[in-house]
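Please open the model in your viewer and keep the selection panel at hand. The tour below goes from one selection to the next and says what is found at each stop.

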Amino acid sequence: MPETWFYPTVLLCIYGFFSSLRPSEPFLTAFLMGPDKNLTEREVVNEIYPVWTYSYLILLFPVFLATDYLRYKPVLILQAASYIITYAMLLKAQGVLAIQVLEFFYGLATATEIAYYSYIYSVVEPSSYQKVTGFCRSATLLGSAVGSLIGQILFSEVHVSLLTLSIITLSSSCLAFLAPWFLPMPSKSLFFHQRERERQDNTAQELADKSEDHQSKVPLGVNEDSVILKERRGGTGGLVGVLKTLGADFVKCYSCRTLLAWSVWWALTTCGYFQVVNYAQALWENILSSKDFVIYNGYVETISTLLGAFAAFSVGLVKVSWAVWGELALCVFSIVIALSVYVMDTVRNIWVCYTSYVIFRTAYMLLITIATYQIAANLSMKRYALVFGVNTFVALLLQTLLTVIVVDPVGLGLDLFPQAFGRRPYPEQLIFVSFIHLSS
């Protein structure tokens, strides 16, 4: 019997690779502030980039529910379409308002990433989860690294314009759009359609009872799902029933002190990661303007992505009891992260900034992988999706508060580099304080 995981995994990897292949991404700030868009630093940093944070936060929970209700595939198609709209607008849109609309669609594309990482769990057996997850994540990281490398080579060596890089990114998104249409439609979901799922499981159990070899016929996880369904009997499978189920699971999960502690760290650090990555290009552009010098953002993104992927991959290979040594690693590497952000913020040398950024991303990916293992160790797949969804929501909520207070014109609306003495803290400095506090 052919393995059922192969076909959908190949299509997902193709989609993940091409949707992450964005040669223009490392040069987005330079493009927006260049002659093609002619936006100012303040417009880009204080008025445009915050829209992504707000839209991501607002859309995350509705998309989470819609993903499960619609059974993943339609939301994957929506994500692919959102990327096309985003990069098509990047070519044609002019003015702050139009680019803000672009950021909204990018927020929609980012929020629907949950469909990419959860679809595979609905069409393959639990025994293949680890394998297919590794393939899918590797495909997206490889696509990101290859895209950054291609963009840098074309920009600095071939002297291709940033507009042309945006056209290549749009073309890659169009190729990615084709793959989700050929994915098989899942017959089950995690929270909705429970009655339908119960009928499928009962049918599978009846077939297994008639079989001579139970172990070769019973789908993995049937017994566990039957228990969960019995625990949730009385649920309608509709929105109210799902919200009650999510509420009960939320209380049960976060009653565990260890899981709560790791989740708090995860949310705070992810908030910091989003904030630093969002504004790193603006920081580099301020130090070394792309209008006057050759910039190497693409090489930096490529190196940091590959080193981060290697660090994350090595966590699963090194024979270390993270339950014992995880907190020490968390403390040490949190300090490394904080110092790298502080150096990137205070030293006005582009090569020091580039190096600090690489260290920052590598350490973050290492630690977030350890945190993921620790959180997921004792969770079922349903609660796994819930916990990581909640953690991401909290991270975005914190980032939104930080953005409103520090970056948005409604708040302090701080410049990227305040003047000499009496300097007020700006985003990267506040993240540094957060990391130091966590490390202690």
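Leaving aside its neighbours within four places in sequence, which residues is Thr392 in contact with? Select Thr392 and, with those neighbours left aside, the contacts are Tyr56, Leu60 and Trp266, where contact means heavy atoms within 4.5 Å. Thr392 lies in helix H17, residues 381–407; helices (H or I, at least four residues) and strands (E, at least two) are DSSP runs, numbered from the N terminus. Because its relative accessibility is 13%, Thr392 counts as buried, the classes being buried under 20% relative accessible area, exposed over 50% and partly exposed in between, with a 1.4 Å probe and protein chains only.

A word on the model itself: it is predicted, so local features need pLDDT of at least 70 and side-chain atom pairs count only at pLDDT 80 or more, while totals for chains, interfaces and linings use all residues. Residues are numbered from 1 along each chain as its sequence is written, and side-chain values use heavy atoms, with hydrogens and water left out.

Now show the whole chain as a cartoon: its secondary structure comes to 18 helices and zero strands. Of its 440 residues, 52% count as buried, and among contacts between residues at least 6 apart in sequence, 81% join residues at least 24 apart.

Next, select helix H3, residues 41–69, whose 29 residues should span 42 Å at 1.5 Å a residue, in agreement with the 41 Å between its end C-alpha atoms; the expected span is 1.5 Å times one less than the number of residues. At Leu60 in H3, shortly before the proline Pro62, there is a kink of about 40°, the bend being the angle between axes fitted to the seven residues ending there and the seven starting there.

Move on to the residues that follow. Just after H3, Arg71 takes a positive phi of about 65°, and Tyr72, although not a glycine, has a positive phi of about 70°. Most residues other than glycine have a negative phi. Tyr72 sits in the loop between H3 and helix H4 (73–92) and counts as buried, because its relative accessibility is 2%. For another positive phi in a residue other than glycine, select His159, where the value is near 65°; this residue lies in the loop between helix H7 (129–157) and helix H8 (162–178), and at 64% relative accessibility His159 counts as exposed.

Finally, turn to the aromatic rings, where a search of the whole structure finds 19 pairs: rings of Phe, Tyr and Trp (its six-membered ring) pair if their centres lie within 6.5 Å, and planes under 30 degrees apart count as stacked, over 60 as edge-to-face and the rest as tilted. Phe17 and Phe18 form an edge-to-face pair, 5.2 Å centre to centre with 90° between the planes. Tyr273 and Tyr364, by contrast, are stacked, 4.0 Å centre to centre with 10° between the planes. Tyr273 lies in helix H13 (residues 257–287) and Tyr364 in helix H16, so this pair ties together parts that are 91 residues apart in sequence. To end, select Trp52, Tyr56, Tyr273, Phe274, Phe360 and Tyr364 together, which form one aromatic cluster.
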